Amino acid sequence: MHDIRAIRETPELYEKHWAAKGLSGRVAELLDLDGRLRAAQTTLQAAQAERNESSKKVGQAKAQKDEAQATRLMAHVETLRKTLEEQAEVEREVGEQLRQILAALPNLPVADVPPGEDEAGNVEVRRWSEPRRINAPKDHVDLGEGLGMLDFEAAARMSGSRFVIIKGPLARLERALGQFMLDLQTAEHGYTEVSPPILVRDEALYGTGQLPKFAEDLFHTTDGRWLIPTAEVSLTNLVRGQITAQEELPLRLTALTPCFRSEAGASGRDTRGMIRQHQFYKVELVSITAPEQSEDEHERMVDCAEAVLKRLELPFRTMLLCAGDMGFSARKTYDLEVWIPSEGRYREISSCSNCGDFQARRMDARTKAAGEKGTRFVHTLNGSGLAVGRTLVAILENYQDEGGRIAVPAALQRYLGGLTHIEVGR
């Protein structure tokens, strides 16, 4: 959510960035509605004051037994009552229009975000490790099915496309990945583990920016709740409507949850395999900070996500997203992209975003320093640490050998009772 006062003060800044996203003209529309709203509020205040004064004079006229004056004043009060009702309706309607438009407009990028319309404008920041050479690498589907441990057909029979059944040692490996990620983020990086609800109400998704604009990307239940697309929703909403002492910040939270996405806009994309599914597990990282902390916290969060890939010895690169490729709520985003041998390219496995006060305004989440009277909106950050399914894909493909066996990364072997390879019959 945006501060209309900031739009009044720097309209050209907002017009520039929104026009780049095909939203030209929104600033003029907002300022027109804002002007009408403030005019209605001014009229309301003046009419309220005049009605109060006239009501007093009615009492005075009656006390002086001046019925003619009392009648005239009462008629005037009645006229003012109608004016108040009319202007109150204008205030309500215009205010709602203003709120709806503001709620549908994306966050603005910060100054060091590169310009660009799509992923072609993203900038590589760094790269870690070189992909090892694999002769004729198989993709994760062939590998998993060859092991008898991935079953897409059975999943489709019961649930449709974009689901998978994982069995045996691969299911154990998936579980180990989630546990490893949680242990790393809590024990070494200071995040507090949370087990949150995965069903939330409208206002929770509104707070983090998925509603109202992205409803089609979500799954809605018959009782009016929504399945979370990411634990960002549940974790960030822990401070909804709260005033958090500044001395308690930053709050660093993590959760391993199932995530649910309709993938409404992904028709024809990544239909094979586990890259883009309706249901998957993910370890989410969320930070709640004071405004002056968020830039440093963003870099720290990226380091925490990168640490997972480094421990798993998976080649990756870190990308700074351009303005046109960032998500709705973000003002700056880094993507981590892991090497996928079968595709011969890097694919996103984590996205770490600083949202500034954009989500906090929608949630009314504030902070207050000891001894100070005023409050400020907190800053919110979120990132994947990591998407478990895509990490499993990366391990299958990067750790395969020519016989179809999968080596278990050293960091995960203790979670698997010392198992070093996944192969048929084990």
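What percentage of the 426 residues of the protein count as buried? In this predicted model, the share that counts as buried is 49% of the 426 residues. The accessible surface of the protein comes to about 20300 Å², and carbon and sulfur atoms hold 48% of that surface.

The overall form can be described next. Taken along the principal axes, the C-alpha atoms fill a box of roughly 105 × 45 × 40 Å. The protein contains twelve helices and 18 strands. Its radius of gyration is 28 Å, well over the 22 Å that the globule rule gives for 426 residues, and the protein is therefore more spread out than a compact globule. When contacts with a separation of 6 or more are considered, 72% of them are between residues 24 or more positions apart. As for charge, the protein has 55 positive and 64 negative side chains, and the centres of these two sets lie 3 Å apart.

Among the sheets, one is an open sheet of eight strands, which follow the order β1-β11-β12-β13-β16-β10-β9-β4 with mixed pairing. In this sheet β1 and β4 (192-193) stand at the edges, and because each has a single partner strand, one side of each is left without a neighbour in the sheet. Strands of a sheet pair through backbone hydrogen bonds, either parallel or antiparallel. At the β1 end, five bridges join β1 to strand β11 (residues 316-320), and the two run antiparallel; in β11, Arg317 is the bridge partner of Arg127.

Further along the order of this sheet comes strand β16 (residues 379-387), which stands between β13 and β10. Nine of the nine residues of β16 are buried, so this strand is largely enclosed by the rest of the structure. Strand β10 (residues 279-289) is joined to β16 by seven bridges, with the two strands running antiparallel, and within β16 the bridge partner of Glu284 is Ser384. Strand β13 (residues 345-354) also pairs with β16 in the antiparallel sense, here over three bridges, and Asn354 has Leu381 as its bridge partner in β16.

A second sheet, also open, consists of three strands in the order β5-β7-β6 with antiparallel pairing. Here β5 (199-200) and β6 are the edge strands, each with a single partner strand, so that one side of each is left without a neighbour in the sheet. Two bridges join β6 to strand β7 (residues 226-227), and His220 stands opposite Trp226 in β7.

Most residues other than glycine have a negative phi, and most peptide bonds are trans. Another cis peptide bond runs from Leu211 to Pro212, with omega near 10°, and Pro212 lies in the loop between α8 (202-208) and β6 (219-220).

Positive phi values can be followed in two residues other than glycine. Ser129 has a phi near 65° and has its place in the loop between β1 (123-128) and α5 (140-147). Arg162 also has a phi near 65°, and its place is in the loop between α6 (152-159) and β3 (165-166). Is each of these residues buried or partly exposed? Ser129 counts as partly exposed because its relative accessibility is 35%, whereas Arg162, with a relative accessible area of 13%, is buried.

The last stop is a tryptophan in a helix. Trp18 is found in helix α2 (residues 11-20), and at 0% relative accessibility this residue counts as buried, since the cut-off for that class is under 20%. Leaving aside its neighbours within four places in sequence, Trp18 is in contact with residues including His2, Ile7, Leu23, Val27, Leu30, Leu105, Pro106 and Leu108. Trp18 and Arg347 are 329 residues apart in sequence, and their C-alpha atoms are 28 Å apart in space.

Notes
Residues numbered from 1 in each chain as written. Predicted model: local features only at pLDDT ≥ 70, side-chain atom pairs only at ≥ 80, totals over all residues. Heavy atoms only, no water. Helix = DSSP H or I, 4+ residues; strand = E, 2+ residues; numbered from the N terminus. Rg over C-alpha atoms; globule rule 2.2 N^0.38 Å. Buried < 20%, exposed > 50% of the residue type's maximum accessible area, 1.4 Å probe, protein only. Contact = heavy atoms within 4.5 Å. Areas by Shrake-Rupley, 256 points an atom, 1.4 Å probe, with all protein chains shown as cover. Lys, Arg positive; Asp, Glu negative; His and termini not counted. Charge placed at Lys NZ, Arg CZ, Asp CG, Glu CD. Pairing = 2+ DSSP bridges.
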